[in-house]
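Below is what I looked up, in the order I got curious about it.

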Amino acid sequence: MNNQNRITCIIVDDELSSQKVLQHFVSETEVLELKQTCSNAAEAFKYLQLNSAVDLLFLDINMPKQTGLDFYKSLQHPPAVIFTTAYPQYAVEGFEVNATDYLLKPIAYERFLTAINKVLNEKALQPKQDFLILKENKALHKVFFSDIAVIEAFGDYVKVHLADKTIVTHSTFSGFIEQLPTHFIRVHKSFSINLNKMEQLSGNQIQISGHKIPIGQTYKSKVLKALDL
């Protein structure tokens, strides 16, 4: 991937073990480019003063001398931020400063990818991204929204049905569909579809890319409205 299309980031965390986890996750994620790892807010502030702006901070909240929240509030032109902490009570405060996401330690890579997909969709430096990065087993897949036909709930996973294959990735169904653009619509408690690929509506069933998807009773009026019916 061209470096100009990558999300530049720095890690700010006083715990070496947490730094190493995040460094590994960043190295495994093609769209990310790590610029610096800092152990406290003072180091991060110095780096930001002396170098080009970055797109994203991975920022621990509970650090000595100056908390991650106080540091972030002090920045004149703050980049996007994903807060990391072992303390869930800080979540509300983190979202009050418009954090892109909040990761609770120990961080799972699948949850990390969900946060990065949110950054991709919010990134102001370029047009809204038209793809997701999905992890299946040890493989990473770049999947364009236009190639997705159906999203299906599958326990602690979701099935992402494409024209030629199905990717099974670890995620909650509700968390996954939050990342989708507006031409995706939930039609059932276990299914969301790409309206652009819908072929036929018959009774309480939608035909789409070789799949027959049921329409849940509570979703039917919303589906009909989306189709101007």
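**Entry 1: the pocket**

How many nonpolar, polar and charged residues does the lining of the largest pocket have? Before I answer, a reminder to myself: this is a predicted model. My tally for the pocket lining is 7 nonpolar, 4 polar and no charged residues. I then wrote down who they are: Phe45, Leu48, Gln49, Ala53, Val54, Ser74, Leu75, Gln76, His77, Pro78 and Pro79. Helix α2, residues 41-50, gives the most to this lining, with 3 residues. The space inside the largest pocket comes to about 250 Å³.

**Entry 2: the cavity**

I got 1 cavity of 30 Å³ or more, and the volume of the largest cavity is about 90 Å³.

Which residues line the largest cavity? I listed Glu110, Leu113, Thr114, Asn117, Ile133, Leu134, Lys135, Thr169, His170, Ser171, Phe176 and Gln179. Sorted by class, that lining has 4 nonpolar, 6 polar and 2 charged residues. I also checked which elements they come from: α5 (109-122), β6 (131-136) and β10 each supply at least two. The largest share is from α5, with 4 residues.

**Entry 3: the sheet**

β10 had come up in the cavity lining, and I found it again in a sheet. Here 5 strands form an open sheet, in the order β10-β9-β8-β12-β11, with antiparallel pairing. Why is one side of β10 and of β11 left without a neighbour in the sheet? β10 (166-170) and β11 (184-188) stand at the edges and have a single partner strand each, so one side of each stays without a neighbour there. From one strand to the next, the twist averages 20°.

I zoomed in on one pair. Strand β8 (residues 148-154) and strand β12 (residues 191-194) pair in the antiparallel sense over 3 bridges. Across this pair, Ile151 stands opposite Ser192 in β12.

**Entry 4: one asparagine**

I stayed in strand β12 and picked out Asn194, which is found there. Is Asn194 buried or exposed? I'm noting it as buried, because its relative accessible area is 1%, and the cut-off for buried is under 20%.

What does the side chain of Asn194 reach at 3.5 Å? I traced it to the backbone oxygen of Phe145. A polar atom of the Asn194 side chain also lies 3.0 Å from the backbone nitrogen of Asn196.

Technical notes: Residues are numbered from 1 along each chain as its sequence is written. This is a predicted model: local features need pLDDT of at least 70, side-chain atom pairs count only at pLDDT 80 or more; totals for chains, interfaces and linings use all residues. Side-chain values use heavy atoms; hydrogens and water are left out. Two strands pair if DSSP finds at least two bridges between them. Axes are lines fitted to C-alpha atoms, for helices over the stretch in contact, and angles run from 0 to 180 degrees between N-to-C directions. On a 1 Å grid over the protein atoms alone, a cavity is a set of points where a 1.4 Å probe fits but cannot get out, and a pocket is an open set with protein on both sides within 12 Å along at least five of seven lines; lining residues have an atom within 4 Å of a point. Grid points are joined across faces, edges and corners, and a volume is the space filled by probe spheres set on the points. Ala, Val, Leu, Ile, Met, Phe, Trp, Tyr, Cys and Pro count as nonpolar, Asp, Glu, Lys and Arg as charged, and the others, Gly among them, as polar. Buried means under 20% relative accessible area, exposed over 50%, partly exposed in between (1.4 Å probe, protein chains only). A polar contact is a pair of N or O atoms within 3.5 Å; within protein, one must be able to donate a hydrogen and the other to accept it, and residues adjacent in sequence count only if both atoms are side-chain atoms.
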